[in-house]
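Hello,

Here is the structure I said I would pass on. My notes on its side-chain packing follow below.

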Amino acid sequence: MGPTSHFMSYRKVTVALGAILVSVISCLAQSDAAAKTSDEKAEQIVQKAIQAIGGDAYLNVRTVIGRGFYTDYHDGVSGVPLRFVDYIAYPDRERTEFTGNGNRVIQTNYQNEGWMFDAAGKSLKDQTAKQVEDFRTAMRTSMENLLRGWWRKEGATLSYVGRREASLGRRNEAVKLTYPDGFWIEYEFAAVEGTPAKAIYKRKQKNPDTDEMFETTEEDRFFKPVAIAGVSAPFVIDHFRNGVQTSRINYESIEFNKPLADSLFAKPPNIKAVK
């Protein structure tokens, strides 16, 4: 999923084992009425967040065009930024174009399919099953998925986690989405303002050298909110893996509800037809 996905997700802190156990024991001990109250609390936090970032203006966004720079980090050190332009048509179409180092790369996803174009490699091909699954994971973990309620179609459940320390004198409210397959995401919102602060989840990946599976903690942190046409959006999004920064998205501009042609997302018949 491209940079704007992460922007609109507001596209991601390891939770202490003791805290998990306390939460589980607490949930097991709750009565049905108490559990209902917990879910109501989570819903209230979500609704507060929607209002904090624009209310109806936010919910009425159908397309997004984002421009800026994407920077990879290696061992916490930033690399060379790549310019990008990202197009999104809700709920499940996205095209991201990267330019830099004399190359142009396009990654496009629509529903459960996708294609890639690499100008330097002179290749145009369908995405692999892993790339498509990565896009699905990005959709599942996005703040958009939570705030717009798309998770309900997959039978996920929403629950209140509690308050967490964010910085000196500040706290975040945390809620959790849990899917029937066990996959979960925790979202944090500023306790006072209600604005999105973090998205956290665990992910299993394969070591390319040994084929062994390992688990990582992924986290998005959202900064520098800017109001555009009544909608507040973060212009800086930092991604962390196991507490180490792996990327930064820095926006120059964001536009809402601009017409996007279906052809923008359709796979071209050949390389010469790529626009």
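**Aromatic pairs and nonpolar cores**

At 4% relative accessibility, Tyr251 counts as buried. Please keep in mind throughout that this is a predicted model.

Six aromatic pairs were counted. In the one formed by Phe84 and Tyr251, the ring centres are 5.5 Å apart and the planes stand at 90 degrees, an edge-to-face arrangement. Phe84 belongs to strand S3 (residues 82–89) and Tyr251 to strand S14 (residues 244–256), so this pair ties together parts that are 167 residues apart in sequence.

The charged end of Arg221 sits over the ring of Phe240, 3.8 Å from its centre. For Lys41, the charged end sits over the ring of Tyr160, and the distance to the ring centre is 5.6 Å.

As for the nonpolar cores, the largest has 38 residues, and the members touching the most others are Leu146, Leu147, Leu177, Tyr187 and Phe189. Helix H3 (residues 32–52) supplies the largest share of this core, five residues. Leaving aside residues up to four places away in sequence, Leu147 touches Val46, Ala49, Ile50, Ile53, Tyr58, Leu59 and Phe189. Another core, of seven residues, lies apart from the largest one; Val85, Tyr87, Ala89 and Leu260 are among its members.

Regards

Definitions and conventions: Residues are numbered from 1 along each chain as its sequence is written. This is a predicted model: local features need pLDDT of at least 70, side-chain atom pairs count only at pLDDT 80 or more; totals for chains, interfaces and linings use all residues. Side-chain values use heavy atoms; hydrogens and water are left out. Rings of Phe, Tyr and Trp (its six-membered ring) pair if their centres lie within 6.5 Å; planes under 30 degrees apart count as stacked, over 60 as edge-to-face and the rest as tilted. Helices (H or I, at least four residues) and strands (E, at least two) are DSSP runs, numbered from the N terminus. Buried means under 20% relative accessible area, exposed over 50%, partly exposed in between (1.4 Å probe, protein chains only). A charge sits over a ring if NZ of Lys or CZ of Arg is within 6 Å of the ring centre and within 35 degrees of the ring normal. A nonpolar core is a set of buried Ala, Val, Leu, Ile, Met, Phe, Trp, Tyr and Cys residues joined through side-chain atoms within 4.5 Å. Contact means heavy atoms within 4.5 Å.
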